[in-house]
Amino acid sequence: MEPEDIADFAAGMGGGPGPEDIANGAAALAAALVREAVAFASVAASLRQAAAVTPGDPTGGPLSDIRRQRGAMAASGEAAIKAALLLEAAEAIGAGGDPAMLAGQIAAAAKRAAVLPASLVPVLRAAALSPATDDGAARIAATTIAAEIAAALGRAR
């Protein structure tokens, strides 16, 4: 290769993810959040099932103690709310946009549900680590988007 060819080649490298990569990263992150939401919804359904009293069971079922049943129902409700918030976050992120604006939308949804926005940060970070793509630039973009949103959610009150 000639020196000017090498310079042209190098100029196209290292500039970070391009617009297409960012769009793909947002889509991958949104899909990962949907998978996380499914996991939370499954937990909610399982807890609700465990707390259900079987008709005709004189012992009251596996959670006959009202305190344990109340705890299981509260945990089920929290998991269901988190699943709904993650679906809302996935919809916002998948559409793309400025991460600070997306964080504001997600924080507003969390506040409407009486959930601390910062409580979504661990799940957001976990989703960023598991996008179902082998596109390296999209994975980098997903991680960058998630990090920026997580930082903003961590500051939201």
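**The whole chain**

Begin with the entire chain displayed as a cartoon, bearing in mind that the model is predicted. The secondary structure consists of six helices and zero strands, and the pattern along the sequence reads α-α-α-α-α-α. Of the 157 residues in the chain, 32% count as buried. Among contacts with a separation of 6 or more, 78% are between residues 24 or more positions apart.

**Helix α6**

Next, select residues 136-155, which form helix α6. This helix has 20 residues and reaches 29 Å from its first C-alpha to its last, close to the 28 Å expected at 1.5 Å a residue. At its start, select Asp 135 and Ala 137: a side-chain oxygen of Asp 135 comes to within 3.1 Å of the backbone nitrogen of Ala 137.

Which residues of α6 are buried? They are Ala 138, Ala 141, Ala 142, Ile 145, Ala 146, Ile 149, Ala 150, Ala 152 and Leu 153. Colour these residues and turn the view to look down the axis of α6. The buried residues fall within an arc of 165 degrees, so they line one face of the helix. Now display the partners of that face: the buried residues of α6 pack against α2 (19-51), α3 (66-95), α4 (99-112) and α5 (121-128).

**The nonpolar core**

In soluble globular proteins, nonpolar side chains tend to be buried together. In this model, the largest nonpolar core has 34 residues. Select Leu 29, Leu 33, Ile 93, Leu 124, Ile 149 and Leu 153, the residues with the most contacts inside this core. The elements that give two or more residues to the core are α2, α3, α4, α5 and α6.

Now centre the view on Leu 124. What does Leu 124 contact, leaving aside its neighbours within four places in sequence? Its contacts are Leu 29, Leu 33, Ile 93, Ala 146, Ile 149, Ala 150 and Leu 153.

Finally, select Ala 132, located in the loop between α5 and α6. Is Ala 132 buried or exposed? Ala 132 is exposed, because its relative accessible area is 66% and the cut-off for exposed is over 50%.

Conventions. Residues numbered from 1 in each chain as written. Predicted model: local features only at pLDDT ≥ 70, side-chain atom pairs only at ≥ 80, totals over all residues. Heavy atoms only, no water. Helix = DSSP H or I, 4+ residues; strand = E, 2+ residues; numbered from the N terminus. Expected span 1.5 Å × (residues − 1). Buried < 20%, exposed > 50% of the residue type's maximum accessible area, 1.4 Å probe, protein only. Arc of directions from axis to C-beta. Contact = heavy atoms within 4.5 Å. Polar contact = N/O pair within 3.5 Å; in protein donor to acceptor, adjacent residues only side chain to side chain. Core = buried A, V, L, I, M, F, W, Y, C linked by side-chain atoms within 4.5 Å.
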